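Please open the model in a viewer and keep the selection panel at hand. The tour moves from the whole chain to one helix pair and then to a pocket.

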Amino acid sequence: MAVAVGRLSSLVNFVLNRKFVFHSGGTVKGALWRYYVLVAAIGALSYGLISALTTYARWNVFAAKVTVDVLLSLVSFSVQRTFVFRRAENI
């Protein structure tokens, strides 16, 4: 159940970002592929960075999670703007 909700949530996030945040008029197929590649990369980076900070730097897991997620949300926004939902003239 949680996996289905997570997938639905990510799809809703994609649609809302595409329409209301980035006003993308590009193809859905290409943008959706790039979006899920980004989701996988951000997830892997989040896991790796939190693990490294808590294991090697001895950070509190809560502080590591908040710090990493804030930084990765900025990275994610930038990548979505320039790569996932790029304008047709930038393709």
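The stops below begin with the overall fold.

This is a predicted model, in which local features need pLDDT of at least 70 and side-chain atom pairs count only at pLDDT 80 or more, while totals for chains, interfaces and linings use all residues. Residues are numbered from 1 along each chain as its sequence is written, and side-chain values use heavy atoms, with hydrogens and water left out.

**Whole protein.** The order along the sequence is α-α-α. Along the principal axes, the C-alpha atoms fill a box of roughly 45 × 35 × 20 Å.

**Helix 1 against helix 2.** Next select residues 2-21 and 28-55, which are helix 1 and helix 2. Their axes come within 11 Å and cross at roughly 125 degrees (lines fitted to C-alpha atoms over the stretch in contact, with angles from 0 to 180 degrees between N-to-C directions). Show side chains for the contact (heavy atoms within 4.5 Å): R7, S10, L11, N13, F14 and R18 of helix 1 meet V28, A31, L32, Y35 and Y36 of helix 2.

**Largest pocket.** Finally, centre on the largest pocket, with a volume of about 240 Å³ (an open set of points on a 1 Å grid where a 1.4 Å probe fits, with protein on both sides within 12 Å along at least five of seven lines; the volume is the space filled by probe spheres set on the points, joined across faces, edges and corners). Of its 14 lining residues (an atom within 4 Å of a point), N13, Y35, V39, S76 and Q80 are the closest to the centre. Helix 1, helix 2 and helix 3 (61-84) each supply at least two residues of this lining.

Technical notes: Helix = DSSP H or I, 4+ residues; strand = E, 2+ residues; numbered from the N terminus.
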